[in-house]
Amino acid sequence: MSKIRISRRQFTKGIAAGAAVAATGSFSHIKKVYGADAIELNHWSWLSASDGEVWQQVINNFNDAHKDKGVQIKLTLVPDDQYNTKVLASAATGQAPDFGWGTAGQRAQWAKDGVIVPMDDPRAM
């Protein structure tokens, strides 16, 4: 399995885009669908070192911006060499994270197998 290399600038742009998508207000719809007072999204990441620090700051910024909206992200670091095994095992037991990291098509089989699903319609989850 080969790793895809991206620059810090590409990585930062991708993170900013992801945070912007997450901040669109779609979480208020999830709150209404599930009728919960607060939502905690469980996120698993394998990012470490400086990439992990940057991602942790993005999560912190999101949580600060959304604390009054009842949406928070709980970040759990899973070592890169254990990530696939843990996600597959947790999905098999119904305890998978709400979202995690994927790498440019390397999770296509997971999508075919229903391990990962699109988050564009929360009612479908």
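Leaving aside its neighbours within four places in sequence, with which residues is Ser-45 in contact? In the predicted model described here, local features need pLDDT of at least 70 and side-chain atom pairs count only at pLDDT 80 or more, whereas totals for chains, interfaces and linings use all residues. Residues are numbered from 1 along each chain as its sequence is written, and side-chain values use heavy atoms, with hydrogens and water left out.

Ser-45 belongs to strand β1, where helices (H or I, at least four residues) and strands (E, at least two) are DSSP runs numbered from the N terminus. Beyond those sequence neighbours, Ser-45 is in contact with Trp-55, Leu-75, Thr-76, Leu-77, Val-78, Tyr-83 and Trp-101, contact being defined as heavy atoms within 4.5 Å. With a relative accessibility of 3%, Ser-45 counts as buried; the term buried denotes under 20% relative accessible area, exposed over 50%, and partly exposed the range in between (1.4 Å probe, protein chains only). Five of the seven residues of β1 are buried, so this strand is largely enclosed by the rest of the structure. Strands β1 and β2 pair in the parallel sense over seven bridges, pairing being assigned if DSSP finds at least two bridges between two strands. Within this arrangement, Leu-41 stands opposite Ile-73 in β2.

The chain as a whole comprises five helices and two strands, which follow the pattern α-α-β-α-β-α-α when read along the sequence. Of its 125 residues, 24% are buried, and among contacts between residues at least 6 apart in sequence, 72% join residues at least 24 apart. The accessible surface of the chain comes to about 8500 Å², of which carbon and sulfur atoms hold 54%; accessible areas come from the Shrake-Rupley method with a 1.4 Å probe, and for residues only the protein chains shown count as cover.

The largest nonpolar core has nine residues, namely Ile-39, Leu-41, Leu-47, Trp-55, Val-58, Ile-59, Phe-62, Val-71 and Ile-73. The elements giving two or more residues to this core are β1 (39-45), α3 and β2 (71-77), and the largest share, four residues, comes from α3. Apart from this core lies another, of five residues, among them Trp-44, Val-78, Tyr-83 and Trp-110. A nonpolar core is taken as a set of buried Ala, Val, Leu, Ile, Met, Phe, Trp, Tyr and Cys residues joined through side-chain atoms within 4.5 Å.

At 1.5 Å a residue, the 18 residues of helix α3 should span 26 Å, and the end C-alpha atoms are 26 Å apart, which agrees; the expected span is 1.5 Å times one less than the number of residues. The buried residues of α3 are Gly-52, Trp-55, Val-58, Ile-59, Phe-62, Asn-63 and His-66. Seen down the axis of α3, these buried residues fall within an arc of 135°, so they line one face of the helix, the arc being that of the directions from the helix axis to the C-beta atoms. On the other side of α3, Glu-53 and Asp-64 are exposed.

Two further positions in α3 may be described individually. Asn-63, with a relative accessible area of 11%, is buried and, not counting residues up to four places away in sequence, touches Val-71, Gln-72 and Ile-73. Ala-49, also placed in α3, is exposed with a relative accessible area of 60% and has a positive phi of about 55° although it is not a glycine. Most residues other than glycine have a negative phi.
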